[in-house]
Amino acid sequence: MSHAALPCYVIIVAGGKGLRMGGDLPKQFLPIGGKPVLMHTIEAFSKAMPDIGIVLVLPLDHQAYWHELCRQYSFTLSHTIATGGQTRFHSVQNGLAAIPQSVTDAIVGVHDGVRPFVSHDVIRRCYDEASRTDVAVPVTSVVETLRELTGSETSVTRDRSRYRMVQTPQTFRLDLLRQAYQQPYRDTFTDDASVVEALGHAVTLVEGNRENIKLTTPFDLMVAEAMVMNEAPVIPPVRGEG
């Protein structure tokens, strides 16, 4: 079944305060390539799946600033705003509530607002896989050696081939995700897949793209700027110059 066979939505969660960036401006609003991170993220989904319904979850005190940014950058891609909650779990709950209750059979992804470099191919494959197996999570291989701490001064090497790095969009059948988010919040809910797993549902893994980094530190922002610049077209010099 193709993702086009069912209505598709994405809940983009952008509740971070950006404290690790060292500035007052939340990281989802920081500019890369001449526009805010969040606009790049929304565009990735709109370009990959033009008919997708986009729900953007923002803290209440960030919403006026976001509307001002949209005016400033003439950003007109259609999206619905939902208000962030006390935790990411509660923010996703609020995002789900913004999808009309009349919609019952659909595929919905949950994506970090500060992951602007998810590839169009990964987005489409996650939705395709979720339409088949109900749950799809993008992952990448671990490329560095892993050591597990076994005491205050001891550790052991672990087989990295048995581990995967988890990304977003984590993608689900809408009715399953709604059911999962009716559970009481637990500290063990570290991502959306863990919420669904608590119902006893298996998770299917999809190969992600290594560029799909989560912008968390100033170094990440430097990498992001370089990635955006690298994607820009190379303009050849005018003849007679250089």
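Select Arg158 to start. Arg158 has a relative accessibility of 36%, so this residue counts as partly exposed. The side chains of Glu148 and Arg158 meet in a salt bridge, 2.6 Å from N to O. Glu148 lies in strand S8 (residues 146-149) and Arg158 in strand S9 (residues 155-158), so the pair ties together parts that are 10 residues apart in sequence.

A few ground rules apply. The model is predicted: local features need pLDDT of at least 70, side-chain atom pairs count only at pLDDT 80 or more, and totals for chains, interfaces and linings use all residues. Residues are numbered from 1 along each chain as its sequence is written, and side-chain values use heavy atoms, with hydrogens and water left out. Helices (H or I, at least four residues) and strands (E, at least two) are DSSP runs, numbered from the N terminus.

**Salt bridges**

Side chains of opposite charge can pair when their charged atoms come close. Here a salt bridge is a side-chain nitrogen of Lys or Arg within 4 Å of a carboxyl oxygen of Asp or Glu. How many salt bridges does this rule give? The count is 10.

Next, select Asp192 and Arg88. Their side chains form a salt bridge at 2.9 Å, N to O. Asp192 sits in helix H6 (residues 192-197) and Arg88 in helix H3 (residues 88-97), so this pair ties together parts 104 residues apart in sequence. Asp192 is buried, with a relative accessible area of 0%. Arg88 is partly exposed, at 28%.

A network of salt bridges links Arg88, Asp112, Arg115 and Asp192.

Move on to Arg173 and Asp105. Their side chains meet in a salt bridge too, 3.8 Å from N to O. Arg173 belongs to strand S11 (residues 170-173), and Asp105 to the loop between H3 and strand S6 (107-112), so the pair ties together parts that are 68 residues apart in sequence. Is Arg173 buried or exposed? Arg173 is buried, with a relative accessible area of 18%. Asp105 is partly exposed, at 41%.

**Aromatic rings**

Show the rings. Rings of Phe, Tyr and Trp (its six-membered ring) pair if their centres lie within 6.5 Å; planes under 30 degrees apart count as stacked, over 60 as edge-to-face and the rest as tilted. The structure holds 6 aromatic pairs. One of them joins Trp66 and Phe75: their ring centres are 6.0 Å apart and their planes at 70 degrees, so the pair is edge-to-face. Trp66 is buried, with a relative accessible area of 0%. Phe75 is buried as well, at 10%.

Now pick Phe89 and Phe189. This aromatic pair is stacked, with 5.6 Å centre to centre and 15 degrees between the planes. Phe89 lies in helix H3 and Phe189 in the loop between helix H5 (174-180) and H6, so the pair ties together parts that are 100 residues apart in sequence. Both Phe89 and Phe189 are buried.

Ring pairs link Phe29, Tyr65, Trp66 and Phe75 into a cluster.

**Helix H2**

Select residues 63-72, which make up helix H2. Gln63, Trp66, Leu69 and Cys70 are buried there. They cover an arc of only 115 degrees around the axis, which puts them on the same side of H2. (The arc is that of the directions from the helix axis to the C-beta atoms.) What do the buried residues of H2 pack against? They pack against strand S3 (35-36), helix H1 (37-48), strand S4 (53-58) and strand S5 (80-83).

Step just past H2 to Ser74, which takes a positive phi of about 50 degrees. Ser74 lies in the loop between H2 and S5. At 57% relative accessibility, Ser74 counts as exposed. Draw a line from Ser74 to Thr188: they are 114 residues apart in sequence and 40 Å apart in space, C-alpha to C-alpha.

**Confidence**

Finish by colouring by pLDDT, the predictor's confidence in each residue, from 0 to 100. The protein chain averages 91, and 90% of the residues score at least 70. Over residues 233-242 the pLDDT is below 50, and beyond near neighbours in sequence this stretch has 0 contacts in the model. (Contact means heavy atoms within 4.5 Å.) Where pLDDT is low, the predicted coordinates should not be read in detail.

Key: Buried means under 20% relative accessible area, exposed over 50%, partly exposed in between (1.4 Å probe, protein chains only). The arc is that of the directions from the helix axis to the C-beta atoms.
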